[in-house]
Amino acid sequence: MKKTKRILVLTSVLIMAVVWGFIILERRTELFKGLDLFIFILTIVIGVIAFIMAIKKDKEEKEGLPAYDELSTRIKYKSGYYAYLASMYMWLFIFLLKDKFPDTETMLGGGILLSALISVIAKYIVKQKFNE
Amino acid sequence: MNNRIKELRAKYNLTQLELAKEVNVRRETIVFLEKGKYNPSLKLAHDISKVFKLKIEEVFIFDTDDYKG
């Protein structure tokens, strides 16, 4: 993984950890429930996945392997296409169910997090089914 | 398209990681190639064949039946 990308991933994870740290500190003993809990878990899951991927790529780079090659680029483009299609439907459903969200920020934040999750799932599925 | 990468790798006593380093791809790509899940570009096929000191057609076996509708 390129140094700049590694720094970007680590910075994102750190920012996420600090933001959630502040939120938890502010709420103190008040427990997360419902949509808040879902968004909290989603943030943690995406953060952990990003961190594991960053470590894996870093290890490969240390072994002298390239971060990207023709297959990984192909997988990236293909999964990007599926993730884009799936995200469009997701946003459609989110806007159809907009009354169910407490506020616009939660709706948009949740949508962005779900988009990230969709892209991770799309990449996993494309890798598993790749045959060309 | 079939290939003899696994067989040749064993013959030359190369690990997937070593072959990946030789042809400058990720180890995952070698795994996909050996499983027959990925058809490489002409450049990669050429590079792999060069490692084994063989012609492309001796490493990659093109089967026209695979491409019939």
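A:L92 is found in helix 3 (residues 70-96) of chain A, helices being DSSP runs of H or I with at least four residues, numbered from the N terminus. The model is predicted: local features need pLDDT of at least 70, side-chain atom pairs count only at pLDDT 80 or more, and totals for chains, interfaces and linings use all residues. Residues are numbered from 1 along each chain as its sequence is written, chains are lettered from A and ligands numbered from 1 in the order in which they are written, and side-chain values use heavy atoms, without hydrogens and water.

**Accessibility**

- A:L92 is partly exposed, at 48% relative accessible area; buried means under 20%, exposed over 50%, and partly exposed in between, with a 1.4 Å probe and protein chains only.

**Salt bridges between the chains**

- The structure holds 7 salt bridges over all chains, each a side-chain nitrogen of Lys or Arg within 4 Å of a carboxyl oxygen of Asp or Glu.
- B:R26 and A:E60 meet in one of them, at 3.0 Å from N to O.
- B:R26 lies in the loop between helix 2 (16-23) and helix 3 of chain B, and A:E60 in helix 2 of chain A, so the pair joins two chains.
- B:R26 also forms a salt bridge with B:E28, with the closest N and O atoms 3.4 Å apart.
- B:R26 and A:E60 are both buried, and B:E28 is buried as well.
- A network of salt bridges links A:E60, A:K127, B:R26 and B:E28.

- B:K43 and B:D47 lie 4 residues apart in helix 4 (residues 42-51) of chain B, about one turn of the helix.
- Their side chains meet in a salt bridge of 2.7 Å, N to O.
- B:K43 counts as exposed at 58% relative accessibility, whereas B:D47 counts as buried at 17%.
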